[in-house]
Amino acid sequence: MTLEERFNKAATYLQTLASKLNSNELLKFYALYKQATVGPCNIPKPNWYQMQSRQKWEAWNNLNNMSHDDAMDNYIQELSKINPSWEEDVKSESCGWVAISRLINTEEEVHDVDKTFLDWVKEGHEQKVQELLDKEPKLVSVMDTEGLLPIHWAADRGHISIIEYLIKTGANVNSQDGDGQTPLHYAASCGHLDVVIYLLSIGAQLIEDNDGATPKDIAAENIIAYLQDVK
């Protein structure tokens, strides 16, 4: 297996651990990922009030001119420190679930004027989401290129108030994305207990995804006990 192939497997595997990593660890992996895939930091420094974007920029910028290969190698080494057996886990992994949340994601910052309805949902901007839905209720059913509906993104990010508004506007609590995963899959995987409780209270079911995994199968540690007796 080439270095790049190992790196790609490591990057995919790491996303399943995102909920267990602290912010410093996530920043380190984020920076190494950007260095490996893009190269030295090539974006302007964010404004002082854009705290998360600024932290990500600084972590990436601090790698200076580290080569792609060194960045990939360091990424793999850092993952091996966290879980020395990660490559064996990848070989035996059957679920196929990949979390999409947390700081590790590689989405670039979008200016307000260019933001779509889904961008506002991801950010948890209640006022903007309600404003756009009131004008165009059909937005609740708009699926993105990854096969996710707004309710999937809201569940993934833990935005319970937005989920409530999406439901009131007609969203299906058991909607399945392109991989057969429901909002409950996302909330359970990301450890959003309040969202899990709410979704179950309005009829969310333990539906199997395309790989045969239910939300209970991929739930974060703090969710497992709660789902134990759910049928």
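The structure is a predicted model, in which local features need pLDDT of at least 70, side-chain atom pairs count only at pLDDT 80 or more, and totals for chains, interfaces and linings use all residues. Residues are numbered from 1 along each chain as its sequence is written, and side-chain values use heavy atoms, with hydrogens and water left out.

The secondary structure of the chain consists of 12 helices and 0 strands, where helices (H or I, at least four residues) and strands (E, at least two) are DSSP runs numbered from the N terminus. Along the sequence the pattern is accordingly α-α-α-α-α-α-α-α-α-α-α-α. Of the 231 residues in the chain, 45% are buried; buried means under 20% relative accessible area, exposed over 50%, and partly exposed in between, with a 1.4 Å probe and protein chains only. Among contacts in the chain with a separation of 6 or more, 70% are between residues 24 or more positions apart, a contact being heavy atoms within 4.5 Å.

Helix α1 covers residues 3–15, and its 13 residues should span 18 Å at 1.5 Å a residue; the end C-alpha atoms are 19 Å apart, which agrees. The expected span is 1.5 Å times one less than the number of residues. Phe 7, Ala 10, Ala 11, Tyr 13 and Leu 14 are the buried residues of α1. Viewed down the helix axis, these buried residues fall within an arc of 165°, so they line one face of α1. The arc is that of the directions from the helix axis to the C-beta atoms. An α-helix has 3.6 residues a turn, so residues three or four places apart point the same way.

Tyr 13, in helix α1, has a relative accessibility of 9% and therefore counts as buried. Apart from neighbours within four places in sequence, Tyr 13 is in contact with Leu 79, Asn 83, Trp 86, Asp 89 and Val 90. Tyr 13 and Asp 89 lie 76 residues apart in sequence, with a C-alpha to C-alpha distance of 8.7 Å.

Helix α1 also packs with helix α2 (residues 23–37) at an angle of about 150°, the axes being 12 Å apart. Axes are lines fitted to C-alpha atoms, for helices over the stretch in contact, and angles run from 0 to 180 degrees between N-to-C directions. Phe 7, Ala 11 and Leu 14 of α1 make this contact with Phe 29, Tyr 33, Ala 36 and Thr 37 of α2. The α1 and α2 crossing is left-handed; a crossing is left-handed if the near helix is turned anticlockwise from the far one by less than a right angle, and right-handed if clockwise.

In the loop between α3 (51–61) and α4 (68–82) lies Asn 64. Asn 64 is not a glycine, yet has a positive phi of about 50°. Most residues other than glycine have a negative phi. The relative accessible area of Asn 64 is 52%, so Asn 64 is exposed.

Helix α8 (residues 150–157) contains His 152, which has 0% relative accessibility and therefore counts as buried. Leaving aside neighbours within four places in sequence, the contacts of His 152 are Ser 175, Gln 176, Asp 177, Gln 181, Thr 182, Pro 183 and Tyr 186.

Helices α8 and α9 (residues 160–168) pack at about 160°, with axes 9 Å apart, and are therefore roughly antiparallel. Angles under 35 degrees count as roughly parallel, over 145 as roughly antiparallel, 65 to 115 as roughly perpendicular and the rest as oblique. The contact involves Pro 150, Ile 151, Ala 154 and Ala 155 of α8 and Ile 162, Ile 163, Leu 166 and Ile 167 of α9. This crossing of α8 and α9 is left-handed.

The buried residues of α9 are Ile 162, Ile 163, Tyr 165 and Leu 166. Their arc around the axis is only 165°, which puts them on the same side of α9. They pack against α6 (117–123), α7 (126–135), α8 and α11 (193–201). Gly 170, which follows α9, has a positive phi near 120°.

The axes of helix α10 (residues 183–190) and α11 come within 8 Å and cross at roughly 155°, so α10 and α11 are roughly antiparallel. The crossing of α10 and α11 is left-handed. Here Pro 183, Leu 184, Ala 187 and Ala 188 of α10 meet Val 195, Val 196, Leu 199 and Leu 200 of α11.
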